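Here's a quick rundown of one protein chain, written for someone who likes to know the cut-offs. Have a look at the model first.

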Amino acid sequence: MAAVRGVYLRSGRPFMPVTLNMNMAMPSWFDIIGLSPDSQEDEVGIKQAAENVKALIDQEVKNGIPSNRIILGGFSQ
């Protein structure tokens, strides 16, 4: 098996009030309104988070990393 070499980027999430957390500010990509399957979702925030991640990937491609060599991972939200 070939060794995996890479650059690891850490993107900090902005601090924002989270509804589920009694509106207390915490690191979050988007608002979490509820945990049930029928809870409202922060569609605008989710789309903005996706654009932010895409911008990170686009920057790495501009830096010379082929897109097929980029792995995206995450922990929590």
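What follows covers the model's basis, its fold elements, its surface and its salt bridges.

## Ground rules

This is a predicted model, so to speak of local features takes a pLDDT of at least 70, side-chain atom pairs count only at pLDDT 80 or more, and totals for chains, interfaces and linings use all residues. Residues are numbered from 1 along each chain as its sequence is written, and side-chain values use heavy atoms, with hydrogens and water left out.

## Elements and contacts

The protein chain has 1 helix and 2 strands, in the order β-β-α from the N terminus. Both kinds are DSSP runs numbered from the N terminus: helices are H or I with at least four residues, strands are E with at least two.

Take contacts (heavy atoms within 4.5 Å) between residues at least 6 apart in sequence: 14% of them link residues at least 24 apart.

## Surface

Of the 77 residues in the protein chain, 10% are buried. Buried is under 20% relative accessible area, exposed is over 50%, and partly exposed is in between (1.4 Å probe, protein chains only).

The chain exposes about 6700 Å², with 58% of that from carbon and sulfur atoms. Accessible areas come from the Shrake-Rupley method with a 1.4 Å probe, and for residues only the protein chains shown count as cover.

## Salt bridges

There are 2 salt bridges in the structure, each meaning a side-chain nitrogen of Lys or Arg within 4 Å of a carboxyl oxygen of Asp or Glu. Glu43 pairs with Lys47 at 3.0 Å, N to O; both sit in helix α1 (residues 43-62), 4 residues or about one turn apart.

Lys54 bridges to Asp58, with the closest N and O atoms 2.8 Å apart. Lys54 and Asp58 are also 4 residues apart in helix α1, so about one helical turn separates them. Asp58 is partly exposed, at 32% relative accessible area.
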